[in-house]
Amino acid sequence: MKFLIAGLAVLLTAAAPAPTYDWKLVPAGWGPVRIGMTREQVATALKVELAGDAFDNYGSCIELFPQSEELRGTFFMFLDGKLSRISVVDSGKIATPRGIHVGSTADEVRAAYGERLQAEPHHYLDLPAEYLTYWLKPAKSGVRFETDAEGKVQRVHVGNDSIQLVEGCA
């Protein structure tokens, strides 16, 4: 009987489809991952382990990354134990519903997000590098695109006001 149960468990596990991670990146989250979730909830939703270190001595801010080659370049920021930001740094596969992804141009971002897009100078690079931010709910829920000196998106952040943080939690 034990072998039958163990064999059935293996078959059920093998039959479960692997996640495809082809969800759209929106201000509220990414697929089953929602802003406000705990670390454990995010790991369960993605079906992967998360790793990383706290940015401060109190552990109130931590940026974690999935232990999966398929999700390389995706980071999750937690403030006070809750997911506040999702960042994508080197995957052109993960896009917003408007088709913007790492590698898109600033002109494509402007065309996709229109007049409500806010532009700010980049903190470390000269123009044309900049931050392009679109707020769904002002200063509460949005998407931020960091462009480089060539005017291409190098990072996409979604979430709450923590999308404005430049150096991790600072």
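Predicted model: local features only at pLDDT ≥ 70, side-chain atom pairs only at ≥ 80, totals over all residues.

Is K47 buried or exposed? The relative accessibility of K47 is 61%, so K47 counts as exposed.

K47 sits in the loop between helix 2 (39-46) and strand 4 (50-54).

D80 is another non-glycine residue with a positive phi, of about 50 degrees. The loop that holds D80 runs between strand 6 (74-79) and strand 7 (82-88). D80 has a relative accessible area of 64%; the cut-off for exposed is over 50%, so D80 is exposed.

Then the peptide bonds. From L127 to P128 the bond is cis, with omega near 15 degrees. P128 lies in the loop between strand 8 (118-121) and strand 9 (130-137).

Now the rings. The count is four aromatic pairs. In one of them, W23 and W30, the ring centres are 5.0 Å apart and the planes are at 80 degrees, so this pair is edge-to-face. W23 is partly exposed at 23% relative accessibility, while W30 is buried at 0%.

Y113 and Y134 make a tilted pair, 5.1 Å centre to centre with 55 degrees between the planes. This pair links distant parts of the chain, 21 residues apart: Y113 is in helix 3 (residues 106-113) and Y134 in strand 9. Both Y113 and Y134 are buried. Together with F145 they form one aromatic cluster. Finally, R98 lies over the face of Y134, 5.0 Å from the ring centre.

Conventions. Residues numbered from 1 in each chain as written. Heavy atoms only, no water. Helix = DSSP H or I, 4+ residues; strand = E, 2+ residues; numbered from the N terminus. Buried < 20%, exposed > 50% of the residue type's maximum accessible area, 1.4 Å probe, protein only. Phe/Tyr/Trp six-rings, centres within 6.5 Å; stacked < 30°, edge-to-face > 60°. Lys NZ or Arg CZ within 6 Å of the ring centre and 35° of its normal.
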